[in-house]
Amino acid sequence: MKNLQELQDIRDKMKTIVNTRENHDDSVNIIVGMATCGIAAGARDILNKFNEEILKRDIHGVMVSQSGCMGNCQYEPMVQIIDGDKKTTYVCITPEKVKKIVEQHIIKKIPVTEFTIDQVK
């Protein structure tokens, strides 16, 4: 059994993660496909990595959430980033690619075109 301080630390960390995933009329939405095909391809790690990167860099105005099937199972794990009226779909995402997407797309507002579905098809 953990001591009270360890349990409070875990609670505080989880509150921060949940707050990152809640909608606050954010300008940028990161949606990770979490259907069974996505989960089997590693989408849970991708979702966690986005949350970790957003928290680590103290980025505000971004909501990280999950969806069901995105319709292209062969390209899982898939991520859509919605920024205003622009939607970018990333495919075959790895934790290493998440870092680059956060650095380039989320922070600098420049999509990482080599990871998009248009480049794969």
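Is C69 buried or exposed? I looked this up to start: C69 is exposed, at 53% relative accessibility. My cut-offs are under 20% relative accessible area for buried, over 50% for exposed and in between for partly exposed, with a 1.4 Å probe and protein chains only.

Ground rules. I am reading a predicted model, where local features need pLDDT of at least 70 and side-chain atom pairs count only at pLDDT 80 or more, while totals for chains, interfaces and linings use all residues. Residues are numbered from 1 along each chain as its sequence is written, and side-chain values use heavy atoms, with hydrogens and water left out.

Cysteines. I searched for disulfides, taken as pairs of cysteine sulfur atoms within 2.5 Å, and the structure holds 0. For C37, the nearest cysteine sulfur belongs to C73, 3.4 Å away. C37 counts as partly exposed, at 21% relative accessibility. For C69, the nearest cysteine sulfur is again that of C73, at 4.6 Å.

G71. I then went to G71, which I found in the loop between strand 2 and strand 3. Helices (H or I, at least four residues) and strands (E, at least two) are DSSP runs, numbered from the N terminus. G71 is exposed, with 52% relative accessibility.

S65. Strand 2 also holds S65. S65 is buried because its relative accessible area is 17%. I listed its contacts (heavy atoms within 4.5 Å). Leaving out residues up to four places away in sequence, S65 touches I30, I31, V32 and L47.

Helix 4. I checked the length of helix 4, residues 95–107. The expected span is 1.5 Å times one less than the number of residues. After helix 4 comes K109, with a positive phi near 65°.

Rings. I noted the charged end of K97 over the ring of F115, 5.0 Å from its centre. The test is NZ of Lys or CZ of Arg within 6 Å of the ring centre and within 35 degrees of the ring normal.
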